[in-house]
Amino acid sequence: MASIESHDYDVLIIGAGGAGLRAAVEATARGCKTAIITKSLLGKAHTVMAEGGMAAAMGNVWEQDNWKVHFRDTMRGGKMLNNWRMAQIHAQEAPDRVLELESWGALFDRTPDGRILQRDFGGHRYARLAHVGDRTGLEMIRILQQKSVAEDIDVFSECTINQLLVNDSEINGAIGYWRETGELVQFRAKSVIMATGGLGRIWSVTSNSWEGTGDGHSLAMNAGAEMIDMEFVQFHPTGMVAPASVKGILVTEGVRGDGGTLRNSLGERFMFNYIPPMFASETADTEEEADRWYTDKENARRTPDLLPRDEVARAINSEVKAGRGSPSGGVYLDIASRRDTDYIKRRLPSMYHQFMELAGVDITKESMEVGPTAHYVMGGVRVDPESTATSVGGLYAAGEVAAGLHGSNRLGGNSLSDLLVFGKRAGEFAAERALAMEHSTLDKQQVDEAVARIAKPFESEGTENPYTVQSELRELMQSKVGIIRNKTDLESALGEILKLKDREANVGVSGTHSYNPGWHTALDLQHLLSMSEAITKAALERQESRGGHTRDDFPAPSDEFGKLNIVATLGDSGGVNIKRESLSEMPEELAELFKD
Ligand code: FAD
């Protein structure tokens, strides 16, 4: 233990995406010695990849917009399974967080009279996404990073945390390794904030980068935190499908927000056949009305191309299954026939380059081929809506790793505003706790065990290759725990996951500790497996279809399951325990908003 590099901080933040950086700015402003850790480089993370924008009811384009409408849209998008208080706080505070980002230097696109421009996205009643072309995440990270560096926050880049340390059921630190040298590093902290993002890499077709292996979900659960909603995974309807090497890369919803339409191989705008009753009154049911909506929003109902993502992804899946898909197994997304070249290049510059360079497709002239891709996890660590505190003392969570705000399905644009609203709150409450206490001593036995576990793949005589096990897991989850699920597939997947867990115990790696991707993959594998188990067990337990969880053996939503969360916790044998728990009731003044 003496030989391990050691650091002490008031607030330790794991993850340098939008949630982590916003939390860091807040904790430092409140006088805490703060560090932020990222397993990649500062300025990377999924946040930088965000394209379309951040949702906030600022009313710049539609003055009728306000937090109540945003709250209502978020709850309906999540099929009413959201934590209502988180959805309320988010809708109320998002406009201030966006304006604050602007005051720190963010350069948003503008309305003709100079206010922040807002764009249309699926499930939002009004154009609501503040954006910077289709590179909004880049601007957000740029500003937050600048602010953090200016505040002198310590940054540990290319450092992977592998275990949280617990003392008397309270978090008091974390241990990890430098990716470059393989040397270990331990932190003592009074408060720890998880801001580690999502787990899209569990599936073989995903928009997520190598970082999205669910580390934070798994570390928090191992430390005793409760997880909720793990069965709800967002398959974004429009990922690239060809060529195979780029399958899964995201095509922003902004393409449809700016006029793009979906068609099948017969040239039909098939989304008119998939309008669910919940959205029927506000969705156009003729092409003429849908087309008119792009120019006359006052007098036309929204195009069904912009229904919430779960609806559109299922519709695409059904069209492909019915034999009406494109040659590469997707459908067509066309913006060229509605918008001119200048407009497309100005509003969607990244999409233009992405298709030109990766697929040789000129989107100003041709349709794109698109299909669903694993994109976002609604499930994660259960947090207190006000403070983001988890069920473990001293542990907070914000951003994609935390659950509750989005219910069973997230609306596009609601993640970036989530990061700002709850990142700030996490920083604030973690700081408050840290300032009121002293450091506690790290438990030597726990540290020694962690050190042995981290080193184990080198010492193992096992013959399993970490890449093979990981790739088999991802194919399994893609085929059996994907967009459409059923009991037979889920039970079979669970059996296979448990076998893969046994094989993981037999994984061995060779070479040195210095930048050894095989070793890193072996360690990530533990997170991927335990979260796959949680997702599959929760998916078996929820016997209904809702949002990002569709069971073809229970195709309708059920009243019973509509009132409860599935809670996952670590079991005694290292497996995942599942239980059901009732949702808290929404107060009457908010319930009123859904009466019509
Ligand atoms: P991330 O930004 O994913 O950051 C996670 C951080 O945790 C990283 O720094 C990572 O290195 C670190 N980390 C993880 N594990 C460890 C570990 N073990 N040790 C140390 N560090 C660790 N949402 C919107 O609202 N609007 C959009 O337009 C939009 N577009 C998107 C486009 C794409 C292509 C993608 C992939 C997502 C998009 N999203 C969008 C979703 C949104 O970007 C993410 O949900 C959000 O950025 C997640 O932010 P985060 O701060 O929670 O985590």
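## Close-up views of a predicted model

**View 1. Strand E9 and its partner strands.** In strand E16, Leu395 is the bridge partner of Val192, and this pair belongs to the parallel pairing of E9 with E16 (residues 395-397), which extends over three bridges. The model shown here and in the views that follow is predicted. Strand E1 (residues 5-14) also pairs with E9 in the parallel sense, here over nine bridges, and within that pairing Tyr9 is placed opposite Ala189 of E9. The pairing of E8 with E9, by contrast, is antiparallel and is made by five bridges, with Leu184 in E9 as the bridge partner of Tyr177. E8 and E9 together form a hairpin in which five residues lie between the two strands, and Gly182 in the turn adopts a positive phi of about 80°. Of the eleven residues of E9 (residues 184-194), ten are buried, so the strand is largely enclosed by the rest of the structure. In a regular strand, side chains alternate between the two faces of the sheet.

View 2. Asp168 has a positive phi of about 50°, although it is not a glycine, and with a relative accessibility of 69% it counts as exposed. Ser169, which is not a glycine either, has a positive phi of about 65°, and its relative accessibility of 59% places Ser169 in the exposed class.

View 3. The ligand has 39 residues around it, of which Thr47, Gly52, Glu211, Asp215 and Glu400 come nearest. A nitrogen atom of the ligand lies 2.8 Å from an N or O atom in the side chain of Asp215, and a ligand nitrogen atom is also found 2.9 Å from a polar backbone atom of Ile161. An oxygen atom of the ligand, in turn, is 3.4 Å from a backbone N or O atom of Gly413. On its own the ligand has 1,000 Å² of accessible area, and the protein covers 98% of this. Two or more residues of the shell around the ligand are given by each of helix H1 (18-29), E7, E14 and helix H12 (414-435), and the largest share, four residues, comes from H12.

**View 4. Helix H9 and the elements packed against it.** Helix H9 (residues 309-321) consists of 13 residues and reaches 18 Å from its first C-alpha to its last, which is close to the 18 Å expected at 1.5 Å a residue. The buried residues in H9 are Arg309, Asp310, Glu311, Val312, Ala313, Ala315, Ile316 and Glu319. The buried residues of this helix pack against a set of strands, namely E11 (233-240), E12 (261-263), E13 (331-334) and E14 (368-377), and against the helices H6 (254-257) and H7 (277-280). Just after H9, Gly323 takes a positive phi of about 85°. Between E11 and H6 runs a loop that contains Pro243, and the peptide bond leading from Ala242 to Pro243 is cis, with omega near -5°.

**View 5. The open sheet of E3, E5 and E4.** Three strands make up an open sheet in the order E3-E5-E4, with antiparallel pairing. Strand E3 (54-55) and strand E4 (118-119) stand at the edges and have a single partner strand each, so one side of each is left without a neighbour in the sheet. E3 is joined by two bridges to strand E5 (residues 129-130), and these two strands run antiparallel; at this pairing, Met54 stands opposite Ala130 of E5.

**View 6. Ser530 in helix H16.** Ser530 lies within helix H16 (residues 517-541) and has a relative accessible area of 9%, which means that Ser530 is buried, since the limit for this class is under 20%. When the neighbours within four places in sequence are left aside, Ser530 is in contact with Ser218 and Val576.

Key: Residues are numbered from 1 along each chain as its sequence is written. This is a predicted model: local features need pLDDT of at least 70, side-chain atom pairs count only at pLDDT 80 or more; totals for chains, interfaces and linings use all residues. Side-chain values use heavy atoms; hydrogens and water are left out. Two strands pair if DSSP finds at least two bridges between them. Buried means under 20% relative accessible area, exposed over 50%, partly exposed in between (1.4 Å probe, protein chains only). Contact means heavy atoms within 4.5 Å. The expected span of a helix is 1.5 Å times one less than its number of residues. A residue is near a molecule or strand if one of its heavy atoms lies within 4 Å of it. A polar contact is a pair of N or O atoms within 3.5 Å; within protein, one must be able to donate a hydrogen and the other to accept it, and residues adjacent in sequence count only if both atoms are side-chain atoms. Accessible areas come from the Shrake-Rupley method with a 1.4 Å probe; for residues, only the protein chains shown count as cover.
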